[in-house]
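Q: Please take me closely through one part of this model. Which residues gather there, and what lies around them?

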Amino acid sequence: MRRDARVNERQKKILYCAVREYIITKKPISSEHVLNVSNLSCSAATIRNDLRKLEYLGYLYQPHTSAGRIPTDKGFRFYVDETLKLAKDYAQRSHQINVRYPLTYGDMERILEGAAIALARMTRGAVVLEKPDTGRLKILRAIVTPITKNHYLISVVTELGLMKFIPFRSFTDVDHSMLEDLLNRLLKGRSIDGLTGEVFEGDWDESLIDLSEQLIGSLKDDLRNGMIKVGLDVLISGETFNIDEIRSLSRFLSDDVSLKAFMNRVQEVPAVLIGSEHGVQGLERFSIFVDSYRKENEPMGKILVVTSKIIKYEEIMNVLTYVTSRLTEYFTLVTREVER
């Protein structure tokens with residue numbers, strides 16, 4: 001028989017209550033505390049016996065003989081799994097978040113940055129938001145607008161509603177209508193990462209071709225897939241972490257290659273990795289939440305949130321679900337609009 005199967009319904013309620021109260025108070029939980037805050041119809045002695053059993057099964061531990069109990073990673077995992085079963089109840093509170101942190105529509109870069117900042121503030125955690133893979137972005141149109149005699153603005157519109165503005169200056173006269181025509185022949189219908197040197201039929205001015213290549217290079221550099229990172233200061237200011245933990249966290253968040261590999265390893269989302277579950281050395285006192293946003297059913301990018309391990313998991317999951325749902329809604333609606 002598996003050890004987990006030995007836990008009866010009363011003991012599950014006691015364990016859930018003990019973990020929840022530890023998250024709230026951040027102090028070891030005694031049997032008397034469980035009895036006072038729960039509606040269990042049993043004695044303190046029964047609760048003490050159940051707490052001993054839960055400790056034996058690895059859900060709790062006791063720092064010293066006279067102290068209360070503290071959840072282990074296994075205990076936190078039980079709490080999170082039970083909380084996920086109740087996620088629909090918390091999802092009904094999403095309108096409260098919407099009032100405080102609305103996601104307005106506009107430039108995609110600003111949308112993603114705004115979502116990451118709002119998520120960091122609401123979770124009191126560090127947030128890494130993966131931008132959409134530029135390889136998926138198909139260009140719909142390029143528009144060249146003269147600003148002054150020598151200054152121009154190129155607007156590039158993609159299928160996701162992304163508008164990228166590239167200002168440039170030319171010391172020679174530029175036929176902006178011919179440049180716009182050339183850019184559209186080069187860009188329209190292509191993915192950004194698929195842009196390479198192209199050979200065009202027709203009598204194009206060599207200076208226009210050179211200028212087009214420079215502008216395309218600038219576009220690819222600006223839209224290269226990357227990550228938005230915010231909230232590290234919020235996380236470390238809200239909890240007491242030692243200097244080694246802060247260094248480990250900083251190294252983890254600053255290494256884009258490792259972050260990308262970590263997110264790729266998390267195949268099923270939403271996911272919550274508690275303490276040692278995530279396997280990042282030095283971050284055993286942290287939990288990592290991972291979810292993704294989509295364009296209809298197509299994944300566009302992942303969002304990672306790092307928090308203290310002692311956190312109200314239901315609130316973090318609710319907020320993360322809200323933000324990913326809003327981003328999915330944004331990309332889906334914008335895509336449908338531009339496809340009309």
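A: Start with the rings. Tyr-16, Tyr-22, Phe-76, Tyr-79, Phe-289 and Tyr-313 form one aromatic cluster. Keep in mind that this is a predicted model.

How is a pair of rings described? A pair of aromatic rings is described by the distance of the centres and the angle of the planes. The structure holds 11 aromatic pairs. One of them joins Phe-252 and Phe-262. Their ring centres lie 5.5 Å apart and their planes meet at 85°, so this pair is edge-to-face. Phe-252 belongs to helix α11 (residues 243–254), and Phe-262 to helix α12 (residues 256–265). The pair therefore ties together parts that are 10 residues apart in sequence. The cut-off for buried is under 20%.

Phe-289 and Tyr-313 make a tilted aromatic pair. Their centres are 5.7 Å apart, and there are 35° between the planes. Phe-289 sits in strand β9 (residues 286–295) and Tyr-313 sits in helix α13, so a strand is tied to a helix 24 residues apart in sequence. Phe-289 is buried, because its relative accessible area is 0%. Tyr-313 also counts as buried, at 0% relative accessibility.

Five strands form an open sheet in the order β7-β3-β10-β9-β8, with antiparallel pairing. The edges are β7 (227–230) and β8 (271–274), each pairing on one side only. From one strand to the next, the twist averages 15°. Look inside the sheet at β9 and β10. These strands run antiparallel, and 10 bridges join them. In this stretch, Ser-287 stands opposite Thr-307 in β10.

What packs on the sheet? Helix α11 does, touching β3 (126–130), β7, β9 and β10. The direction of α11 makes about 170° with that of β10. Helix α12 packs on the sheet as well, and touches β3, β7, β8, β9 and β10. The direction of α12 makes about 100° with that of β7. Recall that α11 carries Phe-252 and α12 carries Phe-262.

Next, step just past the end of a strand. Lys-309 lies in the loop between β10 (298–308) and α13 (313–339). Is Lys-309 buried or exposed? Lys-309 counts as buried, because its relative accessibility is 16%. Ser-287 is 22 residues away from Lys-309 in sequence, yet the two C-alpha atoms are 4.8 Å apart in space. Beyond four places in sequence, the contacts of Lys-309 include Asp-73, Phe-76, Ile-274, Gly-275 and Ser-287. The side chain of Lys-309 makes a polar contact of 2.9 Å with the side chain of Asp-73.

Thr-123 lies in helix α7 (residues 108–123). Thr-123 is buried, because its relative accessibility is 2%. A polar atom of its side chain lies 2.7 Å from the backbone oxygen of Leu-119. The Thr-123 side chain also reaches the backbone nitrogen of Gly-125, at 3.2 Å. Setting aside neighbours within four places in sequence, Thr-123 is in contact with Val-305, Thr-307, Ile-316 and Val-319. Thr-307 is the residue that Ser-287 stands opposite.

Two more residues round out the tour. Glu-21 is in helix α1 (residues 9–25). Glu-21 is buried, because its relative accessible area is 9%. Not counting residues up to four places away in sequence, Glu-21 touches Lys-26, Ile-29, His-33 and Val-37. The charged end of Lys-74 sits over the ring of Tyr-59, 4.5 Å from its centre.

Technical notes:
Residues are numbered from 1 along each chain as its sequence is written. This is a predicted model: local features need pLDDT of at least 70, side-chain atom pairs count only at pLDDT 80 or more; totals for chains, interfaces and linings use all residues. Side-chain values use heavy atoms; hydrogens and water are left out. Helices (H or I, at least four residues) and strands (E, at least two) are DSSP runs, numbered from the N terminus. Buried means under 20% relative accessible area, exposed over 50%, partly exposed in between (1.4 Å probe, protein chains only). Contact means heavy atoms within 4.5 Å. A polar contact is a pair of N or O atoms within 3.5 Å; within protein, one must be able to donate a hydrogen and the other to accept it, and residues adjacent in sequence count only if both atoms are side-chain atoms. Rings of Phe, Tyr and Trp (its six-membered ring) pair if their centres lie within 6.5 Å; planes under 30 degrees apart count as stacked, over 60 as edge-to-face and the rest as tilted. A charge sits over a ring if NZ of Lys or CZ of Arg is within 6 Å of the ring centre and within 35 degrees of the ring normal. Two strands pair if DSSP finds at least two bridges between them. Axes are lines fitted to C-alpha atoms, for helices over the stretch in contact, and angles run from 0 to 180 degrees between N-to-C directions.
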